[in-house]
Amino acid sequence: MEYIGDVIYDYASGLYVNMTNRCPCRCEFCIRNMVDALGDADSLWLKREPTVEEVIHLLGQWDFAKYEELVFCGYGEPMERLSDLLEICRWVKANTHLKRRINTNGLSDLIHGRRTAPELTGLVDAVSVSLNAADGAKYDRLCHSDFGLAAFPAILEFTQDVKNYVPDVTMSVVGGAIPREDVEVCRQIAEKDLGVKFRVR
């Protein structure tokens, strides 16, 4: 099979799927602005998006023994390819012991123009949503979303919704990218307001 970039890669003892480079945000802290790859990958910049069949073929070449979960996270927003992602989750659930996690910016409802959380039911075990700002104006300045000021409330709404369909939901922030007091505001939004876990990464 032609090399189109690293689709499956090992990073910090986890197994990751890099399905797309598309993303509606241009976050100032994004790692893809700094390096071309992570972990054992040579390049996470894709020459083209892999098909579902190609992703499954590549997964079939891995020894899953040392992994507990498969994480959809690369140099783009994995929920851009929601239907393909879910098809791969079905295969992983049927053929491996791996749990399935999505690292997302939480904007899939705006990307697709519909509620997307219910579609994850029974296929996704964990979702990690990047919050990264204490309010909408700060999010817009830091993350430069295509959706402007509509992005932040959409992230909160998606997180509130997805916890009804996915058993493990976490919101996260990049600690060095925002002031300490904003980290604590984000913690309150996640834990108190939305009732999900919180992590500083």
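Residues are numbered from 1 along each chain as its sequence is written, and side-chain values use heavy atoms, with hydrogens and water left out. Because the model is predicted, local features need pLDDT of at least 70 and side-chain atom pairs count only at pLDDT 80 or more, whereas totals for chains, interfaces and linings use all residues.

Rings of Phe, Tyr and Trp (its six-membered ring) pair if their centres lie within 6.5 Å; planes under 30 degrees apart count as stacked, over 60 as edge-to-face and the rest as tilted. One of these pairs joins Tyr-9 and Tyr-16, whose ring centres lie 5.3 Å apart with 25° between the planes, a stacked arrangement. Tyr-9 is buried at a relative accessible area of 1%, and Tyr-16, at 11%, also counts as buried (buried means under 20% relative accessible area, exposed over 50%, and partly exposed in between, with a 1.4 Å probe and protein chains only). Together with Tyr-11, these two tyrosines form one aromatic cluster.

Tyr-139 and Phe-152 form a tilted pair, because their ring centres are 6.2 Å apart and their planes meet at 50°. This pair links distant parts of the chain, since Tyr-139 belongs to helix H4 (residues 136–143) and Phe-152 to helix H5 (residues 151–162), 13 residues apart. Helices (H or I, at least four residues) and strands (E, at least two) are DSSP runs, numbered from the N terminus. Both Tyr-139 and Phe-152 are buried.

Asp-6 is located in the segment before strand E1 (8–11). Asp-6 is buried yet has no salt bridge, and the nearest side chain of opposite charge, Lys-47, is 11 Å away. A salt bridge requires a side-chain nitrogen of Lys or Arg within 4 Å of a carboxyl oxygen of Asp or Glu; Lys and Arg count as positive and Asp and Glu as negative, while His and the chain ends are not counted. Beyond its neighbours within four places in sequence, Asp-6 is in contact (heavy atoms within 4.5 Å) with residues including Asn-18, Ala-41 and Leu-46.

The search found 0 disulfides, a disulfide being a pair of cysteine sulfur atoms within 2.5 Å. The sulfur of Cys-23 has its closest cysteine sulfur in Cys-25, at 4.8 Å, which is too far for a bond. For Cys-30, the closest is that of Cys-27, at 6.2 Å, likewise too far for a bond. Cys-23 is partly exposed at 27% relative accessible area, and Cys-30 is partly exposed at 24%.
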